[in-house]
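Subject: Structure handover and notes on its contacts

Dear colleague,

Please find the structure below, followed by my notes on how its parts meet.

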2 protein chains.
Amino acid sequence: MIHDFVYDIPVKVYFGRDQLKNLGPELKKYGKRVLMTYGGGSIKRIGLYDKVVKEIRDAGLELWELPGIEPNPRVSSVREGARMCKEHDIDVLLAVGGGSTVDATKWIAASACVDHDPWDFFDYDIWAPVKKALPVLDVLTLSATGSEMDSGGVISNPETKDKHGRMHPLLLPKVSFLDPSNTFSVSAYQTACGSADMLSHIIEVYFNMDQDLYMLDCFMEGLMKTIIKYTPLAIREPDNYEARANLMWASSWAINGFIDGGKDLAWSCHPIEHELSAIYDITHGLGLAILTPRWLDYCLDETTVSKYVQFGVNVLNINPEQPPMVIARQAIDKFSSVLFDSFGLSRTFPEVGIDATHFETMARKAVNGGVLNGFKPLRQADVVKIFEACM
Amino acid sequence: MIHDFVYDIPVKVYFGRDQLKNLGPELKKYGKRVLMTYGGGSIKRIGLYDKVVKEIRDAGLELWELPGIEPNPRVSSVREGARMCKEHDIDVLLAVGGGSTVDATKWIAASACVDHDPWDFFDYDIWAPVKKALPVLDVLTLSATGSEMDSGGVISNPETKDKHGRMHPLLLPKVSFLDPSNTFSVSAYQTACGSADMLSHIIEVYFNMDQDLYMLDCFMEGLMKTIIKYTPLAIREPDNYEARANLMWASSWAINGFIDGGKDLAWSCHPIEHELSAIYDITHGLGLAILTPRWLDYCLDETTVSKYVQFGVNVLNINPEQPPMVIARQAIDKFSSVLFDSFGLSRTFPEVGIDATHFETMARKAVNGGVLNGFKPLRQADVVKIFEACM
């Protein structure tokens with residue numbers, strides 16, 4: 001059925017090569033004391049750090065820095081950022097990096113406005129409310145998580161081996177700077193992982209028997225075709241602007257909420273993967289790539305086959321003149337080939353150093369002790385079977 | 001090439017059947033003195049008027065009304081609205097109706113903030129700046145112009161026989177209420193005209209040799225497929241919610257700026273059609289439907305054929321295993337059949353009472369005495385030939 005929904009994405013995006021001149025004026029709208037966050041230093045290698053700092057200085061703003069945000073960002077970084085915001089009376093946050101940096105910065109923005117520990121926002125027993133957050137702007141360097149245009153962030157707690165995502169409208173970036181040339185230096189591996197993440201964001205919504213607006217299905221199919229077409233090109237030619245631009249804009253639209261319409265079924269592969277990377281610290285997109293075809297295979301039956309047919313014919317160009325189950329199997333095979341051959345990602349758990357030790361624990365956490373009500377309801381035993389299929 | 005662009009569409013949309021309860025709280029954010037604008041009274045026939053007034057009263061707001069906004073809204077209505085805003089110290093405008101009502105209301109919002117005549121915003125010799133506007137909200141009753149999510153409005157001046165559109169970010173609606181069931185009573189004819197208008201909004205951007213993001217082409221193709229699929233269904237079954245919902249959300253996305261990327265070529269059929277309806281007062285979408293296939297035919301040559309092939313294969317399901325020119329001709333024929341057979345619109349100028357009397361005048365005005373630099377550059381003589389092909 002067609003659900004009611006609210007569309008509200010007030011993020012302003014500067015897209016393209018020659019947009020950084022707008023950074024100073026945009027930051028200034030929100031104050032003069034800026035905390036800039038970034039990761040391991042790749043922004044210095046590509047010269048982006050110097051450009052950003054120059055724009056901030058030229059605008060007459062005061063700058064503090066928090067480097068070292070981890071991939072799978074940790075609550076300890078959020079704590080440190082919140083501390084700095086309070087100590088230096090920061091007005092506005094600027095994340096320069098990929099989704100991890102943007103995610104951590106969103107939660108720094110919220111944590112700066114409260115007295116409690118940042119993990120209280122993620123502890124299921126506490127789930128502290130978000131009532132206020134500092135404004136966040138970002139300069140994106142990786143096409144993957146879509147954090148630049150959504151209201152969520154995922155934070156890891158190594159002490160409790162938890163990794164939780166949470167969304168709140170106050171965390172939406174005010175302005176995102178998307179320059180595809182800032183992703184030229186992204187490695188083949190990270191490019192592939194980013195694209196697998198984007199595809200998963202779409203598949204989590206697309207594979208849903210609660211058929212919503214046809215228009216949105218068309219748009220999702222267009223996004224998937226775009227990612228499948230341009231990822232191998234970006235891997236072969238890292239500085240192909242057309243490829244990087246299509247991937248970058250697709251990353252935002254894969255998860256900013258537009259494609260959801262009013263569908264509200266839970267996601268499946270993302271919560272399962274979060275348990276994987278909470279323990280093994282593997283790249284999120286790689287975990288998703290290994291899991292997704294097995295999950296698709298596990299969920300295929302007579303009641304769900306029509307969605308696989310639509311996917312196979314409209315996205316993967318599979319001949320429609322065949323029985324539905326044949327098309328569906330071909331779709332899963334062809335999609336596996338996209339991820340493992342065309343994108344070049346590892347195919348199994350053993351290849352990435354994961355064994356069966358924690359299957360039961362991870363599965364129990366993924367379903368939160370009950371049922372994961374996504375495309376098909378999954379219980380702990382179902383998730384274990386999906387894990388086993390990844391061996 | 002891929003252009004730089006700024007994406008900035010902060011319009012909040014409540015989509016669906018059960019959203020009007022949010023109207024009062026949203027209006028209240030902008031003040032307590034409301035001017036409600038509407039057209040010829042169809043909102044009273046469908047019971048929407050009573051529902052809207054009840055929400056406004058229940059929210060404790062004060063209400064003034066300006067009924068009688070015309071299709072192809074006139075500058076006289078804008079003058080009257082601006083006068084009322086000043087006299088009653090209006091805080092916020094609420095347009096209840098189709099694109100004409102929303103367009104007029106946007107320019108009332110701007111005109112209420114200046115001392116000069118509203119037509120000064122449209123007179124090419126004056127082109128008064130927009131520096132301020134009252135907030136506009138709307139409850140939409142027709143899927144067509146996309147005014148509910150864009151920053152433009154088209155106003156007619158019968159005295160000068162001019163009809164001009166102009167955009168400004170301050171004119172973006174703050175909140176739009178899109179309830180597809182409010183379009184159940186739209187006649188077959190108006191439904192068809194609305195869909196022709198939407199298709200034209202997309203075609204003006206899609207038919208462009210300045211190839212931009214593939215992702216956006218995919219999205220445009222999805223929008224066109226959606227409109228072509230659901231318009232005949234909405235005509236056959238006026239209260240088919242799925243059809244009305246797809247058309248309604250497509251109308252907004254056909255023109256809110258997202259599909260443009262950074263393309264900045266001029267539109268072609270819209271300015272030509274504006275000259276038609278400035279003189280003949282025919283429905284905008286009908287004028288576009290008659291013009292568009294002739295314009296497509298006129299622009300087809302070896303340098304443009306590839307775009308027709310893409311359109312024919314991806315939108316109209318034409319067999320790709322044929323020479324490009326054959327596919328292109330089939331695409332034009334099949335698209336004509338969509339408009340004139342499937343949508344049931346009139347095919348020629350004589351059928352709608354237009355003869356050759358004003359061809360030269362309208363063509364000169366359409367190219368503004370020079371060249372219309374759209375898909376293919378058009379001079380006065382070119383536009384006259386397109387008119388002649390409509391006979």
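Chain A is divided into domain 1 (12–182) and domain 2 (187–389), with the bounds coming from an automatic or database domain assignment. This is a predicted model, in which local features need pLDDT of at least 70, side-chain atom pairs count only at pLDDT 80 or more, and totals for chains, interfaces and linings use all residues. Residues are numbered from 1 along each chain as its sequence is written, chains are lettered from A and ligands numbered from 1 in the order in which they are written, and side-chain values use heavy atoms, with hydrogens and water left out.

**Between the domains of chain A**

The C-alpha centres of domain 1 and domain 2 of chain A lie 27 Å apart, and the contact (heavy atoms within 4.5 Å) takes 25 residues from domain 1 of chain A and 27 residues from domain 2 of chain A. The two domains bury about 2,100 Å² between them, 60% of it on carbon and sulfur atoms; buried area here is the accessible area (1.4 Å probe) that two parts lose on being put together, summed over both. On the side of domain 1 of chain A, S143(A), M149(A) and K163(A) supply 27% of the area buried against domain 2 of chain A, more than any other three residues.

The count between these domains is one salt bridge, defined as a side-chain nitrogen of Lys or Arg within 4 Å of a carboxyl oxygen of Asp or Glu. D162(A) forms a salt bridge with K365(A), and the closest N and O atoms are 3.1 Å apart.

**Between chain A and chain B**

Here the contact takes 38 residues from chain A and 38 residues from chain B, and the two chains bury about 3,400 Å² between them, 66% of it on carbon and sulfur atoms. In chain A, the residues that lose the most area to chain B are Y7(A), Y214(A) and M215(A), together 20% of what that side buries. The number of salt bridges between chain A and chain B is zero.

The elements that give two or more residues to the side of chain A that touches chain B are strand 1 (5–7), strand 2 (12–15), helix 7 (214–236) and helix 8 (241–253) of chain A, where helices (H or I, at least four residues) and strands (E, at least two) are DSSP runs numbered from the N terminus. Of these, helix 7 of chain A gives the most, with eleven residues.

Strand 1 of chain A and strand 2 (residues 12–15) of chain B run antiparallel and are joined by three bridges, pairing being assigned if DSSP finds at least two bridges between two strands. Within this arrangement, V6(A) stands opposite Y14(B) in strand 2 of chain B.

Best regards
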